[in-house]
Amino acid sequence: MSRPLHRGISGGRISGGSQDLWDSQMKDKEELGRRDSSDHHSPMVKLASQLLHPSSSPSKHANLENGYSNDVYSVPSPRSWHRLIMLALRSSLFLIAILAVVRSLWWTISISTTSRVYVNQNYRELYDRVVSDLWDIGEIAVGSVKSRELDFCPEEFENRVRCYNATDGADDDSSDVVEVVRKCGHPGEEHCLVIPPLNYKIPLRWPTGKDIIWVANVKITAQQVLSSGSLTKRMMMLEEEQISFRSASLMFDGVEDYAQQIAKMIGLNNEYELSQAGVRTILDIGCGYGSFGAHLFSKQLLTMCIANYETSGSQVQLTLERGLPAMISSFTSNQLPYPSLSFDMLHCLRCGVEWDEKEGKFLIEADRVLKPGGYFVWTSPITNAHNIRNKAGKGILKRWMFIHDFAEGLCWELLSQQDETVVWKKTSKKSCYSSRHNGVALPICGKGLDVESPFYRPLQNCIAGTKSRRWIPVEARSTWPSRANLNVTELKIYGLHSEMLSDDAENWRVAVREYWSLLSPLIFSDHPKRPGDEDPIPPYNMVRNVLDMNAHFGGFNAALLESGKLVWVMNVVPTIAENRLPMIADRGLVGVLHDWCEPFPTYPRTYDLVHAAGFLSLHNSKHRICSLLDIFTEIDRILRPEGWVILRDTTSLIETARSLATRLKWDARVIGVDSNTEERLLICQKPFFKRQVSNS
């Protein structure tokens, strides 16, 4: 009988018979079964055991039941190889999954604790995108974003300005609304988004937009355009869809001649020399539609237009639509929201202010905001010699003589009088007030009444500003643009060192470069290119009217001008912040005090860019009665479609702001700030939502 063949090494021998071999194979199967069961219940224990104790795993040196070792050249069975390969694959896949989860958790934690991790500049864009996406995921996890978005306001809100009772007692069809007193209460209205008029169009690029505006963007009728009576209003030419202020109008030469006439009455050759005479900022009272300021813009003169609230045909709304400085304000019962000694010139071209009323208090207020050595220019039929001589002009003569004598009592010097225009110069010598012999010798305000920056303060009956350390004649100040950099003597007035202002200026230079590179639709990948645009240079020349909600020293404004940006800035100092508004005025800039729990005195869609650095922290620290949603809704109201919002603050507050931006339907991105890892930028753009045609 032949023996069965057994594989092995030549000369090797396996003891026992076939039954022993069968028993040995069954025990091997039972052992493998126990191992498979253990693998199923604890794969990580199995894997760890194999890694830490390799000798316990199956090996070519494992002992057999008969007590002999396998030979080093013995080959496992195919089934054993298969089991080993599958076990290795399972373990590898499980290990990869564990590593992926750990790495994902580490990346998430590192994002949420960025103050401890340095992020390389080359990867910042990717980093910011991940943070933004994670924030979106968090919002989606909480609930539907769409359900929290604000609704659009009714149509009657298109041009509404709260605090002026636009819908309560004012006739929307009236074109002549006399002074309406601003009166604000606590914010309590339902939040909604003001949508543009039906045929609203994005304003034309500057400087073309200075001369041509779209009729549908402002509330004005053809009759109001044609019947406008002032010099600047008669310049307007109404076309099919546009109002033109182009120099093609014959009246343009009238504005240029008028400005040159004023310069010569001061003693200059032309209006180009006004800057050399110390004139930089001009308050234009009842400005028409801003043509006087538009003409002086090329002479580096900054003209702020103020006018009454008007429901239709508003001077302020049309002036802002042209990209020129303007705000709703008027001589009523309260002082203007500007510091004492703010402007180099006050201009009134048939502005509608009755200067002889209220016992001359309007003239006293004009004197308060005028710098020492500044000019008061008044053009009115009251000053016309022909009207004064005839019998019908006896009443006018009486009014003129009151104003003439009152100006002398204010220590104003009458420089010249031509036709209907009169130019006075405010004294720069305090000694004048003690040497007055005129019957209208007004008292000097005491310390309690001489407030540097009034806010809702009634008109005073005394001369203010004479005790201020800022009493510096316009001729003694640096001419523009050097005026923006205050000298050491001027800085001492505010308790500042030159190094502090220099550091502030350098920080804003860097910030402006960063901001300007971000003001592009490219930051939002889903933002469509505006029709007709062939990749214009950022920021697409669409930023002209800028509002700084927390102006500090006015450094943002100064940096924009220094970098050559063709913008103007409304510097707003919150009433809860340190009052640096007088310093801003002395730098040749314009600004106001404002409580951001109230609506800003302007019309909807009037600013291209709203900026706020540190405002959220300031608001949060003061525990204001209004919410951030109240303030953000107001920002949306005054922001033009496709306008920008730049917020700079702490990470937690920026995240809160981003959530609010989502509710307002803004496109928003969070950007890191290298210089301070605790700060973030929130760059937002307001979409252009078009009003649908009603089917009714």
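Let's begin with Pro207, which is found in the loop between helix H4 (124-142) and helix H5 (208-211). Helices here are DSSP runs of H or I with at least four residues, strands are runs of E with at least two, and both are numbered from the N terminus. The peptide bond that joins Trp206 to Pro207 is cis, with omega at about 5°. A cis bond also links Trp480 to Pro481, where omega is near 10°. Pro481 has its place in the loop between helix H13 (431-434) and helix H14 (488-493).

Before going on, a word on what you are looking at. This is a predicted model, in which local features need pLDDT of at least 70 and side-chain atom pairs count only at pLDDT 80 or more, while totals for chains, interfaces and linings use all residues. Residues are numbered from 1 along each chain as its sequence is written, and side-chain values use heavy atoms, with hydrogens and water left out.

Now the overall picture. The protein has 20 helices and 17 strands. Of its 696 residues, 50% count as buried, where buried means under 20% relative accessible area, exposed means over 50%, and partly exposed lies in between (1.4 Å probe, protein chains only). The accessible surface comes to about 35,100 Å², and 54% of this belongs to carbon and sulfur atoms; the areas come from the Shrake-Rupley method with a 1.4 Å probe, and for residues only the protein chains shown count as cover. Among contacts (heavy atoms within 4.5 Å) with a separation of 6 or more, 71% are between residues 24 or more positions apart.

Ser275 sits in the loop between helix H7 (252-266) and strand E4 (281-285). Its relative accessible area is 7%, so Ser275 is buried. Apart from neighbours within four places in sequence, Ser275 touches Lys299, Leu301, Thr479 and Trp480.

Next, look at Val316, in helix H9 (residues 315-321). Val316 is buried, at 0% relative accessibility. Leaving out neighbours within four places in sequence, Val316 is in contact with Ala307, Ala326, Met327, Ile328 and Tyr603. Val316 and Thr606 are 290 residues apart in sequence, yet their C-alpha atoms are 9.6 Å apart in space.

Helix H16 (residues 555-562) is largely enclosed by the rest of the structure, because six of its eight residues are buried. These are Gly555, Phe556, Asn557, Ala558, Ala559 and Leu560. Their cover includes helix H15 (498-518) together with strands E11 (545-548), E12 (568-574) and E14 (607-613). Just after H16, Gly564 adopts a positive phi of about 85°.

Now to helix H20 and its partners. Two packed helices are described by the angle between their axes and the distance between the axes. The axes are lines fitted to C-alpha atoms, for helices over the stretch in contact, and angles run from 0 to 180 degrees between N-to-C directions. Helix H19 (residues 628-638) and helix H20 (residues 651-663) have axes that come within 10 Å and cross at roughly 55°. That makes H19 oblique to H20, since angles under 35 degrees count as roughly parallel, over 145 as roughly antiparallel, 65 to 115 as roughly perpendicular and the rest as oblique. On the H19 side, Leu628, Leu629 and Phe632 meet Thr656, Ala657, Leu660 and Arg663 of H20. The residues of this contact divide into five nonpolar, one polar and one charged; Ala, Val, Leu, Ile, Met, Phe, Trp, Tyr, Cys and Pro count as nonpolar, Asp, Glu, Lys and Arg as charged, and the others, Gly among them, as polar.

H20 also packs with helix H18 (residues 615-622): their axes come within 10 Å and cross at roughly 95°. H18 and H20 are therefore roughly perpendicular to each other. Leu616, Ser617 and Asn620 of H18 make this contact with Leu653, Ile654 and Ala657 of H20, and the residues involved divide into four nonpolar, two polar and no charged.

With a relative accessible area of 0%, Ile654 is buried. Beyond neighbours within four places in sequence, its contacts include Leu616, Leu647, Val670 and Leu681.

Lys665 has phi near 70° and lies in the loop between H20 and strand E16 (667-672). Lys665 is buried, at 17% relative accessible area. Glu359 has phi near 55° and belongs to the loop between strand E7 (343-349) and helix H10 (361-369). Glu359, by contrast, counts as exposed, at 58% relative accessibility.
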